[in-house]
Amino acid sequence: VLALIPLLVAVSYATYAFQQQSTKQRQIIQTNEVYSQRSNAVSATITELVRLARQYLLLNDPSFLELFSQKKTALQAHIGALKFSLPYPEHTALLSSLGDALNQAYITLGGTGPMDQKMLAEQLQTLVVLSEHLNVAVTQYQQDALQNGEEEFNRILDRLFLFSVLTLLGTILLMIGGTYTVSRPIWRLSE
């Protein structure tokens, strides 16, 4: 029984470690999926905003400006959610720049004076470029998270291997000690 205790401890530890790692991997996958959805929503909304701005310039219909305003609000919600959840300061700075560019484009588009179409085109292009940078940043973050998860898994495997070797040695030593302890009185009786 004493010889089996280290093996039971090793199996229990391995089970616990694999359950913890499995939970972490599920969390990483779920988080990455949320980031992908939000990043894709930002890209799709920016594409829609550019389309609406061009339609407004072409047709000068106020309904397009109202739709632009609604999409702007939706985009700001996505930006806010990403700011809250993405961990790195460069992500926050990128999202702040995206929000500023969005506000500038909206002011230019909805201004009361004559509209500078060249400036609006540059602002819309800035939105598209920042959206692409955001997609790259989110993809890089996802890759980093998966790589960190894989490295953590490899560290757990290394610890389990070392723990298994030590457990096996401990079990063998306990068996030898137990055998010697039990056999010694029998040898004395035999003698």
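Predicted model: local features only at pLDDT ≥ 70, side-chain atom pairs only at ≥ 80, totals over all residues.

Visitor: Okay, is tyrosine 35 buried or exposed?

Guide: Tyrosine 35 counts as buried, because its relative accessibility is 5% and the cut-off for buried is under 20%.

Visitor: And which ring does tyrosine 35 pair with, and in what geometry?

Guide: Five aromatic pairs are counted in the model, and one of them joins tyrosine 35 to tyrosine 141 in an edge-to-face arrangement, with 5.3 Å centre to centre and 65° between the planes. Tyrosine 35 belongs to helix H1, which covers residues 4-59, while tyrosine 141 belongs to helix H4, residues 117-190, so the pair ties together parts that are 106 residues apart in sequence.

Visitor: What about tyrosine 141, buried or exposed?

Guide: Tyrosine 141 also counts as buried, in its case at 15% relative accessibility. Tyr35 and Tyr141 form one aromatic cluster together with Tyr88.

Visitor: Which residues make up a stacked pair?

Guide: Phenylalanine 68 and tyrosine 106 form a stacked pair, with 6.0 Å centre to centre and 5° between the planes. Phenylalanine 68 lies in helix H2 (residues 62-85) and tyrosine 106 in helix H3 (residues 89-110), so this pair ties together parts that are 38 residues apart in sequence.

Visitor: How accessible are those two, phenylalanine 68 and tyrosine 106?

Guide: Phenylalanine 68 counts as buried, at 0% relative accessibility, whereas tyrosine 106 counts as partly exposed, at 27%.

Visitor: What lies over the face of tyrosine 106?

Guide: Lysine 72 lies over that face, at 4.9 Å from the ring centre of tyrosine 106.

Visitor: Switching to the helices now: how do H1 and H2 cross?

Guide: Their axes come within 9 Å and cross at roughly 160°, which means that H1 is roughly antiparallel to H2. The crossing of H1 and H2 is left-handed.

Visitor: And what kinds of residues make the contact of H1 with H2?

Guide: The residues of that contact divide into 17 nonpolar, five polar and four charged.

Visitor: Where does asparagine 60 sit, then?

Guide: Asparagine 60 lies in the loop between H1 and H2, and with a relative accessible area of 56% it is exposed. Asparagine 60 also has a positive phi of about 55°, although it is not a glycine.

Visitor: Back to H1 for a moment: at what angle does it cross H3?

Guide: The axes of H1 and H3 cross at roughly 15° and come within 12 Å, and that makes H1 roughly parallel to H3. The crossing of H1 and H3 is left-handed.

Visitor: One more residue: which helix holds methionine 119?

Guide: Methionine 119 lies in helix H4, where its relative accessible area of 37% makes methionine 119 partly exposed.

Visitor: How far is methionine 119 from leucine 109?

Guide: The C-alpha atoms of methionine 119 and leucine 109 are separated by 9.9 Å, and these two residues are ten residues apart along the chain.

Methods:
Residues numbered from 1 in each chain as written. Heavy atoms only, no water. Phe/Tyr/Trp six-rings, centres within 6.5 Å; stacked < 30°, edge-to-face > 60°. Helix = DSSP H or I, 4+ residues; strand = E, 2+ residues; numbered from the N terminus. Buried < 20%, exposed > 50% of the residue type's maximum accessible area, 1.4 Å probe, protein only. Lys NZ or Arg CZ within 6 Å of the ring centre and 35° of its normal. Axes fitted to C-alpha atoms, helices over the stretch in contact; angles between N-to-C directions. Parallel < 35°, antiparallel > 145°, perpendicular 65-115°, else oblique. Left-handed = near helix turned anticlockwise from the far one by under 90°. Nonpolar A, V, L, I, M, F, W, Y, C, P; charged D, E, K, R; others polar.
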